[in-house]
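User: I am new to protein models. Please show me how to read one.

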Amino acid sequence: MTEDLQKKFIKKIIKVIDRWSFEQCAFCEDGTMVSIEGMLDYKCSRCGKTMNPINYLGEIAKIVLEYREKIENFADS
């Protein structure tokens, strides 16, 4: 069970990092980033959310917290 959780965890982390590297939206599957005039941040062409490094780090943090909760629940049972 833990090996399966580890594999899913790693896949999710890699997915967010790839999106960050290729300037894709952290929230949408097919969201591509469009430059906003006069700003350093990008905006998703699909959902309209602005993206910056904090968004990607936030998504990684959510995945880590979810993984920790699953591991703790698994250890308790």
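Analyst: We take the helices, then the cavity, then the sheet. This is a predicted model, where local features need pLDDT of at least 70, side-chain atom pairs count only at pLDDT 80 or more, and totals for chains, interfaces and linings use all residues. Residues are numbered from 1 along each chain as its sequence is written, and side-chain values use heavy atoms, with hydrogens and water left out.

User: At roughly what angle do the axes of α1 and α2 cross?

Analyst: Two packed helices are described by the angle and the distance between their axes. Here, α1 (residues 2-21) and α2 (residues 53-76) have axes that come within 10 Å and cross at roughly 175°. Axes are lines fitted to C-alpha atoms, for helices over the stretch in contact, with angles from 0 to 180 degrees between N-to-C directions. Therefore α1 is roughly antiparallel to α2 (over 145 degrees). Helices are DSSP runs of H or I, at least four residues; strands are runs of E, at least two.

User: Which residues make the contact?

Analyst: Contact means heavy atoms within 4.5 Å. Among them are L5, F9 and W20 of α1, and I63, Y67 and F74 of α2.

User: Which residues line the largest cavity?

Analyst: Rolling a probe the size of a water molecule over the atoms shows where empty space is left. A cavity is a set of points on a 1 Å grid over the protein atoms alone where a 1.4 Å probe fits but cannot get out; lining residues have an atom within 4 Å of a point. The lining is L5, K8, F9, K12, I63, E66, Y67 and K70.

User: What is the strand order in the sheet?

Analyst: Strands pair through backbone hydrogen bonds, either parallel or antiparallel. This open sheet has the order β1-β2-β3, with antiparallel pairing. Its edge strands are β1 (33-35) and β3 (50-51). Strands pair if DSSP finds at least two bridges between them; β1 and β2 (residues 42-44) have three.

Key: Parallel < 35°, antiparallel > 145°, perpendicular 65-115°, else oblique. 1 Å grid on protein atoms, 1.4 Å probe; cavity = no way out; pocket = protein on both sides within 12 Å on 5 of 7 lines; lining within 4 Å.
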